[in-house]
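Here are a few notes to read alongside the model. Have a look at the fold, then work through the points below.

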Amino acid sequence: MRIGMKLEIGFAEQDAWRTLAGGRDVLALLRALGASAVETPVGAETDGSALARHLRLCEEAGLVVSLHPYSEGTRANPAYFAPDAGNGCAALHTGFLAVAAEAALRQHVAVIVNVHAAAAPAGHSRRDLLEQSVRFFQWAREWCERNAPDVRPVSELQIAPDAGEPVQRIADNYAELLEIAARSEVGVCWDFGHAFLNSRRFGTELDPPPELLGRILHVHCHDVDASDHRPLICGNVPWQRFLGRLIDAGFDGTVVLEVLPGAFLAMGGLAALERSISALVSFRRQYRGNLA
């Protein structure tokens, strides 16, 4: 089980990271605290050269990399996927899958590409959006099998929209997430904070069904207070229980601490970062005594 950190392109120039790290090298700090992986958010606006430099920098620091494309609200979203050469969704994700393939060759470790399923305005047929999501992930898996066998596309548990929010997100519940994973034969990213908020707001099941656990290849771990994506200091999300269930099911992937530097600064600064990573390191060391 690796411990990872969400890390945006250009982090070294961001005031929040500079303040949080206190002038120290951010990557060296993360390594010293116990992180060994990073997940980088990307999208249509991402500059390819900047992404390449970012990934190389992380790899040279000894950090395993993964990618997290964002496309909600754009024509590159899986809601608009078609397996055509000119399709915006296919083009955008082919580019990121190819970048992941190059990273996998360099780091000799499979690379996760974590994608949200379809999202569209409420007027769209939910069943059609689910079918679009299945088609997209099946296409992504088949593309990787042909071109990038060490790249793993996964579908993330999404956060359900607030009441009145004019959008619907496929796979914001375990039943849809399992259907996508089973039919398209891809893995899953379990977002702990999304699971907690969906359950607290709408009364959905907090824990996934057993048949989903073995499909989980990647984790987003964060706590929740009034907001999502908080350091692991609030005590609300039962992340230790979640991880225990995953490990019992054979999980050995990356647990990404999906918290931005501003949230750490607002909740204790460097101490909040240290406590969060230390909690994951301690859990890994102590759980059944065989994960260190």
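This is a predicted model: local features need pLDDT of at least 70, side-chain atom pairs count only at pLDDT 80 or more; totals for chains, interfaces and linings use all residues.

1. Residues are numbered from 1 along each chain as its sequence is written, and side-chain values use heavy atoms, leaving out hydrogens and water.

2. There are 9 aromatic pairs in the structure (rings of Phe, Tyr and Trp, the last by its six-membered ring, with centres within 6.5 Å; planes under 30 degrees apart are stacked, over 60 edge-to-face, the rest tilted). One of them is W190 with F242, a tilted pair at 4.6 Å centre to centre and 40° between the planes. W190 belongs to strand β8 (residues 187-191) and F242 to helix α9 (residues 239-248), so the pair ties together parts 52 residues apart in sequence (helices, H or I, of at least four residues and strands, E, of at least two are DSSP runs numbered from the N terminus).

3. Elsewhere, F81, F136, F137 and W139 make up one aromatic cluster.

4. Now for helix α4. Its buried residues include C89, L92, F96 and A100. The buried residues of α4 pack against β2 (37-42), α3 (48-60) and β3 (64-69), among others (contact means heavy atoms within 4.5 Å). Just after α4, H108 has a positive phi of about 55°.

Methods
Buried means under 20% relative accessible area, exposed over 50%, partly exposed in between (1.4 Å probe, protein chains only).
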